[in-house]
Amino acid sequence: MKKMMMTAVMAAMLATPALAAEKLSVVGSWSSLPLYKQFTTPFWTKELPKLTNGDFTAQLTSFDQMGIKGGDVLRLLGQGVFDVGQTVSDYAVGDAPALEGLDVPLVATTVPEARAMVNAARPMVADILNKSFNAELLGIAPYPPQVVFCKGDVNSLADLKGKKVRGSGRMTSKLLEALGADAVNISFSEVPGALQRGVIDCAVTGAGSGYSAGWYEVTDHLLTLPLGGWDPVVIAMNKTKFDALPPAKQKELKHAVRVGLEDKAWDAAKGGMANDVACLTGHGTCTSGKPAKMVLVEATPADMATARKVLETKVLPDWAKRAGPEWVKRWNATVGKVVGVTVPTAG
C-alpha cells in the first residue's frame, strides 16, 4: 500500500505542470532599423527565455507596426496597455522635459563617453520614468551618433543657417535654432518624402539609421558634426506589473536585459560610426551593404567650438527652465560631472 501511495504521489508531481513563465507583451522602437532587427528581436523572441531559465517569454511588435507614435509608448505603457516598451527618450520629453538631459548633443563623441554619460544619468532617468509614466527602467540602448543629412551644398556648420532642418529631438531642435537654422518637427518615417518635396533641406538622425532607411537616395551631403547626440532608447516595464514580480525575478529580468540587449547594442556601437560613414560616402570599408556616394563634410574644430558654445550658453540654460531646478541640480551632480558641463540654475 505504501509503495502504491508513493507511486501515485510521484505520478501526480509529474503530471503537475511547471510554474508558467511570465509572458510579456513588448513594444519595440522602429522596426526598420538595426537596433530592432539585430538586437531587440533576437533578445525578446529567443534569448530572454534562455537568460531567465524559462521564467520569461515575450511577444514582440513595434510601435510603428502598431500604428502608434513613439511619443505614445511610455504613456500607454504606464496605463498597462502592454508590459514593456522601448522608445527614443527624446520622443517622451513633451511629458517629461527633464528626460532631455539623457541625450545632450556634442558632449559625448565616443562610445565610452556616451555610455559613461548614460550610466551617470540612469538613476535620474529611472526616477523620471517612475514619476511621470508609472514605468520601471530596465535598460538604455543607443542608436548610432546623430549626424546631418543635407540635400544641396553644405560645407560647414555655418551653411545650416537659414535652412529648414529636421531635428532628432527637442534639444537638438533648440540647438539648430540657436545656430540660425529653422528647426522642423517631422517624424523619422516622413523625412524622405519631406526632403523630396523640399519641405526640409536637411535632417538629423543616426548615420546607420539613415543608411538603413535609404536617406542617401534623397540627400547628397553628410555633415558628421554630432549635433543630435546618440538618441538613446529607454527600455521600461509597467511599474505595477514589475512590482508584482518577486524580487528574484525582478533582478533576473533586469540582468537579462542588460547582458542580452543593452550590452550588445553598446558593443556594436564601437566602430559603428566609421562603418556607417563608409556606407554613406564610399570612403572606407562598408560591411552593411552597397556603399552610397554622399559628399563627406567633416566637422572642423571651429565648427565644434561654435556649436559647443551655443549649447552651453543658450540651449542648456533654456532646458533648465523647462526641467526645473531640482532635476538640473541632479543632472549637474551626475551627468554634468562626467561630461564637464555645469548648467546654471535660476536662484
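Where does L245 lie? L245 sits in the loop between α9 (239–243) and α10 (247–269).

First, the ground rules. This is a predicted model, where local features need pLDDT of at least 70, side-chain atom pairs count only at pLDDT 80 or more, and totals for chains, interfaces and linings use all residues. Residues are numbered from 1 along each chain as its sequence is written, and side-chain values use heavy atoms, with hydrogens and water left out. Helices (H or I, at least four residues) and strands (E, at least two) are DSSP runs, numbered from the N terminus.

Confidence next. pLDDT is the predictor's confidence in each residue, from 0 to 100. The chain average is 90, and 94% of the residues score at least 70. Residues 1–18 stay under 50. For that stretch the model has zero contacts beyond four places in sequence. Contact here means heavy atoms within 4.5 Å.

Back to L245. It is buried, because its relative accessible area is 5%. The cut-offs: buried is under 20% relative accessible area, exposed is over 50%, and partly exposed is in between, with a 1.4 Å probe and protein chains only. Leaving aside neighbours within four places in sequence, L245 is in contact with E22, F56, M237 and Q250. Take E22. L245 and E22 are 223 residues apart in sequence, yet 9.3 Å apart in space, C-alpha to C-alpha.

A second pair of that kind involves A120, in helix α5. A120 and V338 are 218 residues apart in sequence and 7.2 Å apart in space, C-alpha to C-alpha. Not counting residues up to four places away, A120 touches T334, V335 and V338. A120 counts as buried, because its relative accessibility is 16%.

Now S62. It belongs to strand β2 (residues 56–62). Buried or exposed? S62 is buried, because its relative accessibility is 0%. Its side chain makes a polar contact with the side chain of D64, at 2.8 Å. Another goes to the side chain of Q65, at 3.1 Å. A polar contact is a pair of N or O atoms within 3.5 Å; within protein, one must be able to donate a hydrogen and the other to accept it, and residues adjacent in sequence count only if both atoms are side-chain atoms. Beyond four places in sequence, S62 is in contact with V27, G28, S29, S31 and Y36.

On to helix α11 (residues 272–281). Eight of its 10 residues are buried, so the helix is largely enclosed by the rest of the structure. The buried ones are G272, N275, D276, V277, A278, C279, L280 and T281. Their cover includes β5 (146–150), α8 (207–212), β9 (221–223), α10 and β11 (295–297). After α11 comes G282, with a positive phi near 85°.

Two non-glycine residues also have positive phi. One is N53, with phi near 55°. N53 is in the loop between α2 and β2. It is exposed, because its relative accessible area is 69%. The other is L106, with phi near 75°. L106 is in the loop between β3 (84–88) and α5 (111–133). It is buried, because its relative accessible area is 5%.

Last, the pockets. On a 1 Å grid over the protein atoms alone, a pocket is an open set of points where a 1.4 Å probe fits, with protein on both sides within 12 Å along at least five of seven lines; lining residues have an atom within 4 Å of a point. Grid points are joined across faces, edges and corners, and a volume is the space filled by probe spheres set on the points.

How much space lies in the largest pocket? About 660 Å³. It has 26 lining residues, and the closest to its centre are G71, Y91, N185, I186 and S187. α3 (63–66), α6 (170–178) and β7 (182–184) each supply at least two lining residues. By class, the lining divides into nine nonpolar, 10 polar and seven charged. Nonpolar covers Ala, Val, Leu, Ile, Met, Phe, Trp, Tyr, Cys and Pro; charged covers Asp, Glu, Lys and Arg; the others, Gly among them, are polar.

The second largest pocket holds about 400 Å³. Of its 20 lining residues, the closest to the centre are P34, Q38, P144, A268 and D276. Two or more lining residues come from each of α2 (34–51), α8, α10 and α11. This lining has 12 nonpolar, seven polar and one charged.
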